[in-house]
Amino acid sequence: MTTSAPAVRALRRLPLTLAALAVLVTSAFPVYWMVITAFKPTAEIQSETPGFLPLHPTLDHFATAVRAPGFGSYWRNSLLVTLGAVLLALVVALLSAFAVGRMRWRGRRAFLLLVFTAQMAPWEALLIPMYVIARDTDMLDSLTMLTLVYFMTTLPFTIVTLRGFLASIPAELEEAALVDGCTRTSAFRRITLPLLAPGLLSTSLFGFITAWNEFAFANTLIIKNQDARTLPVWLSSFANVFGTDWGATMAAASLFMLPVLLVFLFLQNKVTTGMTAGAVKG
């Protein structure tokens, strides 16, 4: 009895499938445990026998998190800083990607080398220099300074990804538009920019996740003005406010995760396309 070709291929892929499944379970289980803990009553959380599903689901922990002091203002601060950094990075990176992807000028290779170097650099090493700059310019406890720092950290990746995606769009399309009477700006806006939509979405999502989850800079640059704190910093002190109320802590963490999850699910197809094209083109 011979084994069919599909069965042989499935058998050969079995180790890879098992490895992928192990990575999935390892990565997803902490998130799953966080979410179900947020729905468990306190008695179930403190039980000696943990359950993988809440026996008596409750929303009390979410109510506690939402009513916590500063929740609304910290949520607003995170949104303002994150959206401001992402929009700035997209505008500057789009212009830079067009310059290095469509134009030939002296120093272009050196510029790209600097961008790649900046992307590989550990941003944690800049904590002290950024603190000194913010202190000397009187910008400590400022959301503006935090926005500029997040803009700086997301800019190199955005330039590299948009350049790769721009390289996958034939320059002949813009040249044809120029022949038809469009200016270079009009040709870029009418022809290239719509085709760049997946790349813009993927890079903006990366920048959103980076700025939304960032803790070190927010904790270092926002010291005295507690009203300027962001959600990650607030979340780190949540357990201190509520003692051993792990249900409220997990509920706050679940709410913190929700915006990024919703944006990713809504833009999943286009984001995947943009990341793939930006990674392999150019």
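User: Which residues have the most contacts inside the largest nonpolar core, and how many residues does that core have?

Analyst: The general idea comes first: in soluble globular proteins, nonpolar side chains tend to be buried together. In this predicted model, the largest nonpolar core has 54 residues, and those with the most contacts inside it are Leu 146, Val 149, Tyr 150, Leu 196, Phe 217, Leu 221 and Trp 234. Leaving aside residues up to four places away in sequence, Tyr 150 touches Val 81, Ala 85, Ala 211, Glu 214, Phe 217 and Ala 218.

User: What does the secondary structure of the whole protein chain come to, and what percentage of its residues is buried?

Analyst: The protein chain comes to 15 helices and zero strands, and buried residues make up 38% of its 282 residues. If we take the contacts with a separation of 6 or more, residues 24 or more positions apart account for 70% of them.

User: How do helix 4 and helix 7 pack, and at what angle?

Analyst: Helix 4, residues 71-102, and helix 7, residues 143-167, pack at an angle of about 35°, and their axes are 6 Å apart. Helix 4 passes helix 7 in a right-handed crossing, and the residues of this contact divide into 19 nonpolar, seven polar and two charged.

User: Is Thr 82 buried or exposed, and which residues does Thr 82 touch?

Analyst: A residue counts as buried under 20% relative accessible area, so Thr 82, at 1% relative accessibility, is buried. Thr 82 is placed in helix 4, and, not counting residues up to four places away in sequence, it touches Phe 208, Ala 211 and Trp 212.

User: What is the phi of Asp 138, and what is the phi of Asp 141?

Analyst: Most residues other than glycine have a negative phi. Phi of Asp 138, however, is near 60°, a positive value, and Asp 141 has a positive phi of about 60° although it is not a glycine. Asp 138 lies in the loop between helix 6 (127-136) and helix 7, and Asp 141 lies in the loop between helix 6 and helix 7.

User: Are these two residues buried or exposed?

Analyst: Asp 138 counts as exposed because its relative accessibility is 72%, whereas Asp 141 is buried, with a relative accessible area of 19%.

Notes: Residues numbered from 1 in each chain as written. Predicted model: local features only at pLDDT ≥ 70, side-chain atom pairs only at ≥ 80, totals over all residues. Heavy atoms only, no water. Axes fitted to C-alpha atoms, helices over the stretch in contact; angles between N-to-C directions. Helix = DSSP H or I, 4+ residues; strand = E, 2+ residues; numbered from the N terminus. Left-handed = near helix turned anticlockwise from the far one by under 90°. Nonpolar A, V, L, I, M, F, W, Y, C, P; charged D, E, K, R; others polar. Buried < 20%, exposed > 50% of the residue type's maximum accessible area, 1.4 Å probe, protein only. Contact = heavy atoms within 4.5 Å. Core = buried A, V, L, I, M, F, W, Y, C linked by side-chain atoms within 4.5 Å.
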